[in-house]
Amino acid sequence: MPGMGHDMERVEKALRESVRADDEFLTEVASHLIKAGGKRLRPAFAIAAAASRPGSQTTDDVIMGGVAVELVHLGSLYHDDVMDEAEMRRTVESVNARWGNLRAILAGDFLLARASEIAAGLGTEVAGLLASTIGRLCEGQVRELQSAFQVDRSETAYLTSIEGKTASLFSSACRIGAIVGGLPRADVDTLTEFGRLFGMAFQVVDDILDVVATDEQLGKPAGHDLVEGVYTLPVIRALATDDGELRGLLGHPLGPGEMERARALVRANGAVAGSVRTARDFAEQAVATLAPLGDGTATGSLAAATLHLVDHLPVADPATTR
Ligand code: GRG
């Protein structure tokens, strides 16, 4: 999108400033994953949503809306890495691995506090929305924890969990951008639903990659979900048609070599291609949702980003190989 490069530089500067604390050590811990990079998809979506209004400029409030959402995302990563005892994130040492769980949790709390402060400055609606989104992230994550190691986890349970832990934040990124950007209410609702559907596609793709990608492609260890007992869509579907070997491996912590065997069994099953189809369905629904907004540049960019997600997977898509 024209101007997006400049807008993302503004996001970067504001992000770094937003985590500055009086205490130098807290600033260092809170800046760690910001400095490590990341795609900054959520602020980009907030900016593109706001730009869907013809003739709009990216105001400072829109940038700060994107920053607030990225800070919630970061806070959730800090806490998620503690829960998973993760060692790597964004190709660098995780915060918990470097400074321990206590500091990682506190720094994560600090990021959420700064996000809330920024959101409050953008008005009560945005503040309320961000607060309820943090709650939805927690609900989605708790559902995932509750179903850990359950070989009978249903697709519905999986979809409900990812709607909370991932899609809700993409949805709110778009909604906040649209509200702060002053879009008409109908367009705000359209972009909210677009963000939700994009987020569903995004998480299904993320879960497919955990089964098919390499550590290098992911920037963190592959097969992590299987190790944690998080049975995602490709695994749930592979279990449904399994001859018994996969079910025998899962349901409890994996032994040495078993994670690679389980990954191979899921990959050998049509479940991966079927999950790619599901991701594509969500992505296509997301793009279709944008129709009432017309064919402006920002809307075109959101649609292109959505299709890019499913067009560049390192696995065959039954829709394109038929
Ligand atoms: C404290 C807000 C808060 C939540 C607590 C831990 C938790 C509840 C929720 C975790 C939710 C979570 C980690 C969902 C996964 C989302 C996801 C797919 C992250 C990866 O997003 P990318 O690929 O990452 O956009 P980058 O690094 O590019 O930003």
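This briefing walks through the fold, a pocket and a handful of residues of the structure above. The model is predicted: local features need pLDDT of at least 70, side-chain atom pairs count only at pLDDT 80 or more, and totals for chains, interfaces and linings use all residues. Residues are numbered from 1 along each chain as its sequence is written, and side-chain values use heavy atoms, with hydrogens and water left out. The chain has 17 helices and two strands; here helices (H or I, at least four residues) and strands (E, at least two) are DSSP runs, numbered from the N terminus. With a radius of gyration of 20 Å, close to the 20 Å that the globule rule gives for 322 residues, the chain is as compact as a globular protein of that length. That radius is taken over C-alpha atoms, and the globule rule is 2.2 Å times the number of residues to the power 0.38.

**The chain as a whole**

- Taken along the principal axes, the C-alpha atoms fill a box of roughly 55 × 50 × 30 Å.
- Of the 322 residues, 52% count as buried. Buried means under 20% relative accessible area, exposed means over 50%, and partly exposed is in between (1.4 Å probe, protein chains only).
- The chain exposes about 14100 Å², and carbon and sulfur atoms supply 53% of that area. Accessible areas come from the Shrake-Rupley method with a 1.4 Å probe; for residues, only the protein chains shown count as cover.
- Among contacts between residues at least 6 apart in sequence, 75% join residues at least 24 apart. Contact means heavy atoms within 4.5 Å.

**The second largest pocket**

- Rolling a probe the size of a water molecule over the atoms shows where empty space is left.
- The second largest pocket has a volume of about 280 Å³. On a 1 Å grid over the protein atoms alone, a pocket is an open set of points where a 1.4 Å probe fits, with protein on both sides within 12 Å along at least five of seven lines. Grid points are joined across faces, edges and corners, and a volume is the space filled by probe spheres set on the points.
- Its lining is made of 20 residues, and Ala-51, Ser-52, Arg-53, Ser-56 and Ala-298 lie nearest the centre. Lining residues have an atom within 4 Å of a point.
- Helix H1 (4-18) and helix H16 (297-311) each supply at least two lining residues. H16 gives the most, with three residues.
- By class, the lining has six nonpolar, 10 polar and four charged residues. Ala, Val, Leu, Ile, Met, Phe, Trp, Tyr, Cys and Pro count as nonpolar, Asp, Glu, Lys and Arg as charged, and the others, Gly among them, as polar.

- Met-8 is found in helix H1 and counts as buried, at 17% relative accessibility. Leaving aside neighbours within four places in sequence, Met-8 is in contact with Arg-40, Pro-43, Ala-44 and Ile-47.
- Leu-15 also has its place in helix H1, and its relative accessible area of 0% makes it buried. Beyond neighbours within four places in sequence, Leu-15 is in contact with Ile-34, Arg-40, Val-67, Glu-70, Leu-71 and Leu-74.

**Around the two strands**

- Ala-86 lies in the loop between helix H4 (60-84) and strand S1 (88-89), and counts as buried at 12% relative accessibility.
- Not counting residues up to four places away in sequence, Ala-86 touches Asp-81, Ser-94, Asn-96 and Ala-97.
- From Ala-86 to Arg-53 is 33 residues in sequence and 41 Å in space, C-alpha to C-alpha.
- Arg-90 sits in the loop between S1 and strand S2 (92-93). Its phi is near 50°, a positive value in a residue other than glycine, and Arg-90 counts as buried at 15% relative accessibility.
- Thr-91 lies in the loop between S1 and S2 and has a positive phi of about 65° although it is not a glycine. Thr-91 is exposed, with a relative accessible area of 54%.

**A residue of helix H15**

- Arg-280 is found in helix H15 (residues 271-289) and is buried, with a relative accessible area of 8%.
- Arg-280 and Asp-311 are 31 residues apart in sequence, and their C-alpha atoms are 8.5 Å apart in space.
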